[in-house]
Amino acid sequence: QVRLVESGETLVQTGGSASLSCTASGEASNSYALAWFRQAPGREREFVAAISSSGRNKHYADSVKGRFTVSRDRGESTAYLQMTDMKPEDTAVYYCAAGMFSYKANGYNYWGQGTQVTVSS
């Protein structure tokens with residue numbers, strides 16, 4: 001079992017920056033790819049970014065490419081999502097996930113509890 005705990009800023013202004021972190025613990029937690037998904041009210045959960053277990057491979061949704069950066073501290077099994085030039089449409093609950101390196105939610109076996117990020121206009 002892998003446990004994921006997210007933390008980070010919850011309220012930012014349009015054009016501002018924020019960062020989220022996700023710490024994974026449990027058996028072989030540093031062998032999993034880590035990803036970020038988000039879900040806005042009334043919308044389906046969508047992929048944001050993913051980073052492979054080695055940290056060498058990264059993948060971003062088109063909507064965040066160039067604005068968001070995913071990284072990880074492999075020694076601590078912690079992933080980070082640095083968000084810049086934020087927009088109101090980035091408002092959502094952000095979830096961390098651990099599993100296979102993929103942009104699809106069904107590739108991930110473990111999920112965090114989610115953290116609300118609100119971008120005010």
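**Notes on the rings and the core**

1. Arg45 sits over the face of Trp111, 4.8 Å from the ring centre; over a ring here means CZ of Arg (or NZ of Lys) within 6 Å of the ring centre and within 35 degrees of the ring normal. Arg45 also lies over the face of Tyr95, at 3.9 Å.

2. A word on the basis: this is a predicted model, with local features needing pLDDT of at least 70 and side-chain atom pairs counting only at pLDDT 80 or more, while totals for chains, interfaces and linings use all residues. Numbering runs from 1 along each chain as its sequence is written, and side-chain values use heavy atoms, without hydrogens or water.

3. The structure has 5 aromatic pairs (ring centres of Phe, Tyr or the six-membered ring of Trp within 6.5 Å; planes under 30 degrees apart are stacked, over 60 edge-to-face, the rest tilted). Phe37 and Tyr108 make an edge-to-face one, at 5.6 Å and 75°. Phe37 is in strand β4 (residues 33-39) and Tyr108 in strand β10 (residues 108-111), so this pair links parts 71 residues apart in sequence.

4. Phe37 and Tyr108 are both buried (under 20% relative accessible area; exposed is over 50%, partly exposed in between, with a 1.4 Å probe and protein chains only). Phe37 and Trp111 have ring centres 5.1 Å apart and planes at 55°, so they count as tilted. Trp111 is partly exposed, at 28%.

5. Phe37, Phe47, Tyr103, Tyr108 and Trp111 belong to one aromatic cluster.

Terms used: Helices (H or I, at least four residues) and strands (E, at least two) are DSSP runs, numbered from the N terminus.
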